[in-house]
Amino acid sequence: MAETPLAPKGPLAARRVLQLPLVDGFLWVVRISAVVVIVVGAYNSLTSGRLSGQQWRDLIVFGIAQGSIYGLIALGYSMVYGVLRFINFAHGEVFMIGAMTGYYVSSALSGTALWRSAPFAGLFVVLLCCMTMSALVALGLERIAYRPLRGKPRLIPFITAIGASFFLQYTVATLFGVDVKAYPAVPVLDGSISVGGFRILRVHLLVIVAAVVMMIALYFYIEKTRAGRAMRAVAEDQETARLMGIDVDRTIARVFAVGGAMAGAAGLLFGLVFQNVNFFSGFLPGIKAFTSAVLGGIGNILGAMVGGLTLGSVESLGPSLVLSGLDIPAAHQLKDVVAFSALVLVLIFRPTGILGERVGGERG
Amino acid sequence: MSGHRSLVAPAVISVIALIAAACAPDDEEAAPEEFSPGPLGAVTVAPDDPIMIGVIQAISGDTASLGVDQVRAIDLAIADRGGELLGHPVETQVEDDACLAEGGTTAAQALVANPQVMGVLGTSCSGAAVPAMEILAETGIATISGSNTSPALTSDLEGTQGAANQPGYFRTSHNDVVQGQAAAEFAFTELGAQRAATIHDGDPYTEGLATAFGTSFTELGGEVVLATAISKGDTDMRPVLTEVAAATPDIVFFPIFQPEADFIVQQAKDFPALAETQKMMGADGLLSDTFVVIPQTEGMYFSGPATPTGSAYEDFVAAYQAEFGEAPIQAFHAHSYDAANMLMDAVEEVAVEEDDGTLQIDRQALMDQLYATEDFEGLTGTLTCDEFGDCADPKIDIVQNTAEQQTIDQVRGNVLFTFEPGE
């Protein structure tokens, strides 16, 4: 169509439209209707007065807290993809093991004097245990399941990752049982505080602060340390990095360990927010975090966090804001539909994610 | 050549047998009980052969206790008759449906493949019953469930056939229309609630029950201010609870399962409008020992089938305990015990015994006999079947979990309100 020799007459814009190939035209229709649906739904919801301003602000806070957890898990997907161009599908299980470790350590600590007198110190101990455990599992995965397959076609480690995911799930199910584990109550995290009109649950505040702190620490680790520079170099070009004297294997192992530690921290935060964990808890958050990583731009550290926050907010606000405004019944049942539609829409508008992919050399 | 010769003997025998069979009616012309099978065929039980009952229950997976409890009750019902029916031993073929639609299909196919199966007791879950009944109805096998409650399997109790109703399907458990009525009646008249919100999770059982509650609550004069749903696997319930809180309900009815219900009660405590646990109401799916121990369920109400009373039931529980070393573990054992007895009673009525002791059980006659069940005295009450297969004498209890109740049995015993339709 684009090579039509005779350009139709008329104003420039109209001529452009007529020269668009069919697929582009279709994508434009999708884009325009998506914007119309969102605007109409949001307008109806906001003008109906169904939810108060306070409740809308609550939904935003819930979204940011949930998104922070997604973001922390997404870092692991994104970092590994950046270095190896491969999706570590067992990463959700590394997160679940962090949450499980958190359950066992916090249950053991919950009767002690430390837990009562200095709860945050207690939580910090639990956090270190979760991060260590998850980092060790991620290191083991890399050493046993992925390193022997390095250099093989990309499909092979990918299938292995799925197998490793099932292996970890059912190992945990066999060792610790399939029942739901209930986290002990942490009285200091009960209740909420008000900040500038936003009512924030204390446990959500902890999640958001912890995620921001870890994000900043990771940023400095990657940008300012020798180990971080080695990671960036390996991500850019493995062969050249090796010629420059970088120990590629060790650097890759380090990437897995750091990603695993972040997932472990996310596991503990998940446990504190939802108070329940079982062997299957890693599956859905893992998928959502992978979505976040793609949404923000895979391989991009900041993008993982932005993608997580976006996805969390869309999940939290989308059903109430858009679907209920369009009179769709039982809108919250469609939360996951909203989340994955958001992914499709973002990729239609910006195919490389919100902040853009950051993948050196050959693309995945 | 030997191949040909070996065929001769069977051929001769079958010719003789055919002639004998053709002549037989002439020989016994005076016999009062001449048997000819009906349109669905018949099950022929040779002398000394066992009568086979198929059992489809969830005996593995999350809901295993629901099925195991009923399999035990069926075994007890058979043992109470000395393991015999009309001089034939009774045997069961137990198939697992795992409470899944796929499991229902597989189990039904396994039973249909055995021509000796004369009736089926099951399934445990409504979701498994829908595909299982499509297969069993095609073969004309009468099926009685002791724990399916979805209105779709029978009718709405007002004469409209359910979408998944099949000929030959019966149940001794309540129809969820009744449970919805019970919960709505309690919320509206006893608690004085005017505004209700319902939450289901898309499962046929939860959606049917939430809808039945909403219908009854509206009929009573209340208003359903929000009918919403979550999906299985959700953990963050705060967004949906924000909507529920904004609707300012007096009662929130969520007949769903664990762990989603755990998240709802734990997260509801942060919403001032929902913090009172007396506004929360669940159903029989949540009457489990792991749910009632959650601190935020203290004060909550639950609807569920009433525990039967009477000396016959006490004897049954004693026998159960003696046989299996623990008290009944779920709510539907008595219903399955009644189902087994209804089926065996019907067989006693319709089975035709031939002179040599062969038993002929006509499938159509068995079904007709079950549809005609009237005033059957069972553990769960006096059962009468309607044209869609609902046979229950439903009694629904509303119980409350308070600080005094420690175990699930104590919660079940803390009955505030008992509902029987037609009162």
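## Transmembrane spans of chain A

Over residues 59-82 of chain A, the chain is 100% helix and 0% strand, and the end C-alpha atoms are 33 Å apart. Helices here are DSSP runs (H or I, at least four residues), as are strands (E, at least two), and both are numbered from the N terminus. This is a predicted model, in which local features need pLDDT of at least 70 and side-chain atom pairs count only at pLDDT 80 or more, while totals for chains, interfaces and linings use all residues. Residues are numbered from 1 along each chain as its sequence is written, and chains are lettered from A and ligands numbered from 1 in the order in which they are written.

In an unreviewed entry, UniProt places the feature "transmembrane region" at several spans of chain A, among them 25-47 and 59-82. UniProt positions follow the numbering used here, feature names are shortened, and annotations may be inferred rather than shown by experiment. Residues 25-47 of chain A are also 100% helix and 0% strand. Their end C-alpha atoms lie 33 Å apart.

## One side of helix 9

Helix 9 of chain A covers residues 226-236. A:Ala230, A:Met231, A:Val234 and A:Ala235 are buried there (20 or more other C-beta atoms within 10 Å of a residue's own, with C-beta atoms placed from the backbone). They cover an arc of only 135 degrees around the axis, which puts them on the same side of helix 9 of chain A. The arc is taken from the directions from the helix axis to the C-beta atoms.

The buried residues of helix 9 of chain A pack against helix 3, helix 8 (202-224), helix 10 (238-243) and helix 11 (248-274) of chain A.

## Where the chains meet

The contact takes 23 residues from chain A and 22 residues from chain B. Residues are in contact if their C-beta atoms, placed from the backbone, lie within 7 Å. Helix 3 of chain A gives the most to the side of chain A that touches chain B, with five residues.

## A sheet in chain B

Three strands of chain B form an open sheet in the order 1-14-13, with antiparallel pairing. Strands pair if DSSP finds at least two bridges between them. Strand 1 (42-45) and strand 13 (352-353) of chain B stand at the edges, each with a single partner strand, so one side of each is left without a neighbour in the sheet.

Four bridges join strand 1 of chain B to strand 14 (residues 359-362) of chain B. B:Ala42 stands opposite B:Asp362 in strand 14 of chain B.

How values were computed. Contact = placed C-beta atoms within 7 Å. Buried ≥ 20, exposed ≤ 12 C-beta atoms within 10 Å, placed from the backbone.
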